[in-house]
Amino acid sequence: MGVNQLMAEIAGVGKDAKRGGYSRHVYDYADFELRDWFIDQALDTGLDVHTDRNGNIWAWWGSPGAGAVVTGSHLDSVPGGGAYDGPLGVASALAAVEILQGKGFEPARPLAVLVFAEEEGGRFGVPCLGSRLLTGAIDPDRARALRDADGVTLAEAAVKAGHDPKRFGADPESLARIGCFVELHVEQGRGLIETDSPIATGSSIIAHGRYRFSFSGQGNHAGATRLTDRHDPMLPAAAMIAAARRSAAAMPDARATVGRLVPTPGGTNVIASSVDLWLDARVAGTGRTAALVEDITAAALAAAEAEGCALTVTEESYSDDVVFDETLRGRMDKVLGGVPALPTGAGHDAGILAAHVPSGMLYVRNPTGISHAPDEFAEPADIDSGAAGLARVLEELAG
Ligand SMILES: [Zn+2]
C-alpha cells in the first residue's frame with residue numbers, strides 16, 4: 001500500500017471535534033486503534049511485530065539482531081494537532097519497506113520499523129517518553145508516577161492498556177540492536193518552502209525544556225473581596241507570560257511559549273487559589289535555555305511577591321542540543337542526490353537516540369509551515385518523494 005493510502009486509512013482516527021485536528025494520546029482509545037492498525041499493516045507487510053517493555057512497537061524485517069537499520073516515528077499527537085506529525089514517519093517507513101520488497105531487495109542487515117510511545121508528552125507532560133525510557137534518560141519511578149490532567153498515572157494507564165509498568169526502564173538489549181536510526185517527519189517550519197525542495201535531512205535540534213510554574217495565592221469571592229485584600233495568582237501568571245516573550249526576544253533565536261494555563265478552581269466569579277502554567281523554552285547552546293528560564297523566573301518571582309503569592313518552578317524535561325551524525329547524514333545525502341540540511345527547533349525521538357546511536361532525520365515539505373495545529377500539511381506528491389527517499393536511504397544503509 002502506498003504511503004498516501006496508508007495515511008488515508010487512519011485519517012478518521014482520533015479526530016478532535018472540540019479543538020479541531022487530532023488528539024491522539026498514549027494509551028487512549030485513538031492510540032489503541034492506531035497501534036492495532038500499525039500491527040496489522042506490519043504483519044501484512046510480512047514483518048514480525050513485538051512490543052518492548054516500554055510500550056514501543058518493533059516490526060522486524062528478518063530476525064532481530066545487532067547492527068539493525070531502524071526507522072520509524074510516533075503515532076501520538078499534541079492536543080488538537082495535525083495529521084502528519086508522527087504518523088507520516090510511521091506510514092512512510094512501512095511504505096519504504098514495501099518499495100524495497102517490491103524491487104526484490106534483500107537486506108544484508110536486520111531492518112526494523114519502530115513506533116515510539118508518547119512522543120509529544122500530550123498526556124503525561126514529558127516528551128519522547130518511549131525513547132527516554134528505552135535509553136534510560138528518565139527514571140522509571142518518575143515516569144510511572146507522571147499524571148495526566150485527570151490525575152491518572154502513567155502506571156495506571158499502562159496497566160489498563162495491558163502493559164506491565166513494573167518493566168518500564170532502560171532496555172539495553174533493544175538499544176544494542178539499533179545500528180542506526182532514521183526518522184522521517186513532516187517539516188515543522190518553513191525551511192523547505194524557502195529552499196524549494198520536497199525533502200531535506202536534519203542537521204541539528206536546538207536545546208529545549210518544559211517547566212511548570214505554580215503560583216499560589218488566596219481563593220476568594222470576585223465581588224466581595226477588595227482589590228487591596230487580594231492575593232490573586234492570576235496576576236503574577238500574566239506577568240510571567242509577558243516576561244517570557246520579553247526575555248526570549250532579548251536572546252538571539254530563543255523561543256519561549258506558554259500554551260497551557262490551569263487556574264484552580266477555575267470559576268468566573270472566583271479569585272483563583274492557584275494557577276499552574278507550563279513554559280516551553282528553547283535556545284541553542286548548552287546552558288542558554290537555563291539562563292532564559294532563570295530570567296523569566298526572576299520576573300515571575302518579583303510579580304508573585306508583589307501580589308503576596310508564592311511560586312514554585314519545576315523542570316519537567318530538558319534535552320540538550322543535538323547534532324545529528326555527520327557520517328550518516330553524508331550517506332543519506334549521497335543517495336538523495338544532494339538535499340538541504342535543516343536545523344530544527346522541534347524535538348524528536350531521533351534526538352534522544354542520537355546520544356547513543358548514529359541517528360538522522362528526513363523532512364518532508366509542509367507548505368503551510370504550520371505544525372502542532374490542524375493546518376499542518378504535506379502534498380501527496382511530496383509524501384511520495386519522502387517515502388521513495390527513505391527507501392533509498394534504507395537500501396543504502398541495509399544493503
Ligand atoms: Zn513528531
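This is a predicted model: local features need pLDDT of at least 70, side-chain atom pairs count only at pLDDT 80 or more; totals for chains, interfaces and linings use all residues.
Residues are numbered from 1 along each chain as its sequence is written, and side-chain values use heavy atoms, with hydrogens and water left out.

Now the overall build. The chain has 13 helices and 15 strands; those are DSSP runs, numbered from the N terminus, with helices being H or I of at least four residues and strands E of at least two. The C-alpha trace spans about 80 × 45 × 35 Å along its principal axes. Take contacts, meaning heavy atoms within 4.5 Å, between residues at least 6 apart in sequence: 77% of them join residues at least 24 apart.

Next, the metal. Which residues coordinate the zinc ion? They're His74 through NE2, Asp85 through OD and His185 through NE2, at 2.0 to 2.2 Å. Donors here are N, O and S atoms within 2.8 Å of the metal (3.2 Å for Na, K and Ca), and water is not among the atoms, so the site may look incomplete. Written along the sequence, the donor spacing is H-x10-D-x99-H. The two histidines link distant parts of the chain: His74 sits in strand S3 (residues 68–74) and His185 in strand S5 (residues 178–186), 111 residues apart. Are they buried or exposed? Both His74 and His185 are buried.

Last stop, the backbone. Most residues other than glycine have a negative phi, and most peptide bonds are trans. Here are some exceptions. Glu118 has a positive phi, near 55°, and you'll find Glu118 in the loop between strand S4 (111–116) and helix H4 (129–135). Glu118 is buried, at a relative accessible area of 2%. Asp196 isn't a glycine either, yet its phi is positive at about 55°. Its loop runs between helix H8 (191–195) and strand S6 (199–205), and Asp196 is exposed, with a relative accessible area of 63%.

And where's the cis peptide bond? It joins Thr264 and Pro265, with omega about 5°. Pro265 lies in the loop between strand S9 (255–264) and strand S10 (270–271). That's it from me, thanks!

Notes
Buried means under 20% relative accessible area, exposed over 50%, partly exposed in between (1.4 Å probe, protein chains only).
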